[in-house]
Structures are given as C-alpha cells and as structure tokens.
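Reader: I am new to this structure and would like to learn how to read it with care. Could you take me through it one feature at a time?

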Amino acid sequence: MQQFVDALTVGPSAKVSTLRLLRSVLDVAREDGRIHHNPAHGVSAGRIPERERHRYLTAPQVAALAGAYKDQGDVVTILAYTGLRWSELVGLRVGDIDLTTRPSGA
C-alpha cells in the first residue's frame, strides 16, 4: 500500500486526499466484514510543504506594473486595489456601480 501511494504522480495535497479516500473505502469494507484489517492504516502520504505567505505589492510596485502594461494599466490598477478577480472584473457592467451610495461607517 505504501508503494502504491509513493508511486502516485500527483501533488502532495492530492496524494493526501487520495489516501484519505482510500482509507475511508477500506474502513467500510472492514466494517462490512469483507476484509479483516485496513491495509491503508499506517501508510503515509508524506508531508505537505508549508505554503509561502502571501506577498503583496507596494503602491510603487503596482504603479510600475500598471505602467508596463501601457494601455491596459488601468485594469492592473483596478485589480490590485479592489481585490476583484479577473472574471469578476470582466463581468462588471456600468449599471452595477452606484457611486452615490456609501457603505455604512464610511
């Protein structure tokens, strides 16, 4: 079982998910009496590497990036300062924006 998991050619998170599902299926088989013990218990999927912390651009970095995109620089600026995803930005329409209404507490 360990050799099977080690041979999986997926990323660390997918490997953990696959092993978790396999253990669950084999647990049901054990509870049903189809197998005597779960061979996936004690098997390791390895360690998931710690993710790098988010890094955010400074205002000068945003300006430099926007400048590099010339006529599309406004798009970079909007995405950087609003937190919108690309799909949200392209789906946005003029009628969706109400500049007269202010959020409470503003």
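Reader: In which element of the protein chain is confidence lowest, and in which is it highest?

Author: Where pLDDT is low, the predicted coordinates should not be read in detail. In this protein chain the mean pLDDT is 90, and 95% of the residues reach 70 or more. Confidence is lowest in α1, with a mean of 92, and highest in helix α3 (residues 59-68), with 96.

Reader: How many residues does helix α2 have, and how far does it reach?

Author: Helix α2, which runs over residues 12-31, has 20 residues and reaches 29 Å from its first C-alpha to its last, close to the 28 Å expected at 1.5 Å a residue. Just after α2, G33 takes a positive phi of about 85 degrees.

Reader: Which residues of α2 are buried, and which are exposed on the other side?

Author: The buried residues of α2 are K15, V16, L19, L26, D27 and A29. They lie on the same side of α2 because they cover an arc of only 155 degrees around the axis. On the other side of α2, R20, L21 and E31 are exposed. Among what covers the buried residues of α2 is α1 (2-7).

Reader: Why does T18 count as partly exposed?

Author: T18, which lies in helix α2, counts as partly exposed because its relative accessibility is 32%, and that class falls between under 20% for buried and over 50% for exposed. Along the chain T18 and T101 are 83 residues apart, and their C-alpha atoms are separated by 48 Å.

Conventions. Residues numbered from 1 in each chain as written. Predicted model: local features only at pLDDT ≥ 70, side-chain atom pairs only at ≥ 80, totals over all residues. Heavy atoms only, no water. Helix = DSSP H or I, 4+ residues; strand = E, 2+ residues; numbered from the N terminus. Expected span 1.5 Å × (residues − 1). Buried < 20%, exposed > 50% of the residue type's maximum accessible area, 1.4 Å probe, protein only. Arc of directions from axis to C-beta. Contact = heavy atoms within 4.5 Å. pLDDT = per-residue confidence, 0-100.
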